[in-house]
Amino acid sequence: MHKKQDAIYIFPSALGIFIFDAEFKVIEKKDIHAADLDKMSSLEWTDSEKQLLQKYEDKKVKFIGFKKEHFPQELSANKEEFSKALNYVKSQQYFAEFRTKNILFAKKKVKQSFARDALLMQAAAHLGELDKAINTLVKRCRDWYELYNPEASKELEDNELFVSEVLHKSKRELLEKINIKYDESMGAEVHKDDLTQILEIAKQVKELIALKQNQTRYIEKLMKEICPNIQAVAGTVIGAKLIVLAGSLKRISELPASTIQMLGAEKALFRHIRNKKSLPPKYGVLHEHPFITQAKKKDHGKVARALADKISIAAKVDYFKGKFIGTELKKALEKKFGIRA
Amino acid sequence: MKQTKFFNVYEQKVRGRTILLTKNLVPGRDVYGEKLIVEDGIEYREWDAMRSKIAAFILKGADQIAIKPGAIVLYLGASTGTTVSHVSDIVGDEGFVFAVDIAPITTRKLVFLAEKRGNIAPILADSNKPEAYLSLVSEADVVFQDIAQRNQVDIFLKNVNLYLKEGGFALLAVKARSVDVAAPPKKVFQEVKKTLEQHLKIIDSRILDPFQKDHIMFLCKK
């Protein structure tokens, strides 16, 4: 029969594995490797812990810790014993070590937590920013340029075309193209230097547009690698937006289809939740999907729901790295709604 | 500038408003762009109540905050360390802050903060599973939680149960909308109060308006 004095406590800590006696005095303290912390925080047994259990198996051992694997009741410490151990390490002599060990471990975990979808999120967010930047600069460029050649700016509605034309063609050439006599233009004459200044912006816009195309190609490549199923069903642009709104590939794989349907419509959604008189939204960013834009108005809700369903399946297949079924999922939708590819 | 009733927390009246400050543990450095003020050779950091719920709690008239020099604090929901840095200032060299956050992107900033301050340990972990950091922390004198999750009260009780010393204090910042987006905040606060009362003694509670909309801070004792 074990007497109270035989009680031994094993308490693993970042500071080392403590072996306490019944009065919580330290009998032994075993050093741990940095790699052990990983196992300990994942609630797995480390070799050191197993060795110590064996070493003291003839004593009344209690383990102060949690493990995924069940261990016998007699081995479990009670709440009071946990508190005593935690109280023991609450000591000025240990805080510096708690700090350094935790800093190292946190760094390791941050590094480990990197998943390639983080790159996708950055690129997708960047695309939105590029759009804003391009629009702002183009507006200014046009405003400024229109002092010189307003007719050409009006004619060249497409921004990309506008910047490339004004950089390569003279005022005369551009006006000729739209059958306006040079002298009839409302635009003023400006010095060569002044024109060069305006065209500096056009140059920047051209480069930003090229960057946007470059980033889009990059996103397409990434999505093909990380989430080909989502890409097949939702398309690159909408797929990327959905993942950004969900937070990560893992998160979107955990979302119910109904939430995926609503991603992007949060304002309308919560407005409806707070006031039932306000109608619920039918879709968020899915709104832009060709299946919805092509469908009859009365079918928008149905299509959005079905689309969200398939995307939710696609997301799970992508996250758990299953076999590619994106094309089939898309075909099922096309068949259901009579859409010809 | 004068000392408030709380150690290492100071206040200044600027154009009729009260601004709180903490004594900078690491003079010469700001953490998040806050104003640094030197008076009589001592450097203080401005503490924005719109960003830190503890500061809001103080400005709403709290009599006790439990966070004081020498305290060992378990801080759940540390985020980028804005409020953690002020807690670090208050507890000082003799105190310590175990700062837990779930997101790698914010923990990165916490690590940088901990590298500059000797009394912070950054922990990347899910507070909903407190067993995971048993080996990384010690017992706490104070538990502070600011986590916007539906089951935030549950998380709070789990951590208080495991890590807070007997007779220790625990602060819980509750965001009504996280618990239930459609219910009126007062109702949510009542529910939370009922649940807390079953396990802890509630010492104080203050609604944090206008500093934080629809938030309440509870100060409890184990």
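Predicted model: local features only at pLDDT ≥ 70, side-chain atom pairs only at ≥ 80, totals over all residues.
**A friendly note on chains A and B**

1. S1(B) pairs with S2(B), residues 9-14, through two bridges in the antiparallel sense. Strands of a sheet pair through backbone hydrogen bonds, and the pairing can be parallel or antiparallel.

2. How many strands does the open sheet of chain B have, and in what order do they lie? There are five, in the order S1-S2-S3-S5-S4, with antiparallel pairing. Strand S1 (2-3) and strand S4 (36-39) of chain B are the edge strands, each pairing on one side only.

3. Helix H2 of chain B, residues 82-91, touches S2, strand S3 (17-23) and strand S5 (42-47) of chain B. The direction of H2(B) makes about 140° with that of S5(B).

4. Now to the meeting of the two chains. Chain B gives 36 residues to the contact and chain A gives 33 residues. About 2800 Å² of area is buried between chain B and chain A, and carbon and sulfur atoms give 66% of this.

5. What polar features link the chains? Between chain B and chain A there are 14 residue pairs in polar contact, counting pairs with both residues at pLDDT 80 or more. On the side of chain B that touches chain A, the elements giving two or more residues are strand S7 (96-101), helix H3 (104-116), strand S8 (120-124) and helix H4 (152-163) of chain B. H3(B) provides the largest share of that side, with six residues. By type, the residues of this side of chain B divide into 19 nonpolar, six polar and eleven charged.

6. The salt bridges deserve a look too: the count between chain B and chain A is three.

7. Where does A:Lys90 lie? A:Lys90 is in the loop between helix H3 (79-88) and helix H4 (92-112) of chain A. Leaving aside residues up to four places away in sequence, A:Lys90 touches A:Phe95, B:Ile72, B:Ser138, B:Glu139, B:Asp141 and B:Lys165. With B:Asp141, the side chain of A:Lys90 also makes a polar contact of 2.6 Å.

Conventions. Residues numbered from 1 in each chain as written. Chains lettered and ligands numbered in written order. Heavy atoms only, no water. Contact = heavy atoms within 4.5 Å. Buried area = accessible area lost by both parts, 1.4 Å probe. Salt bridge = Lys/Arg side-chain N within 4 Å of Asp/Glu carboxyl O. Polar contact = N/O pair within 3.5 Å; in protein donor to acceptor, adjacent residues only side chain to side chain. Helix = DSSP H or I, 4+ residues; strand = E, 2+ residues; numbered from the N terminus. Nonpolar A, V, L, I, M, F, W, Y, C, P; charged D, E, K, R; others polar. Pairing = 2+ DSSP bridges. Axes fitted to C-alpha atoms, helices over the stretch in contact; angles between N-to-C directions.
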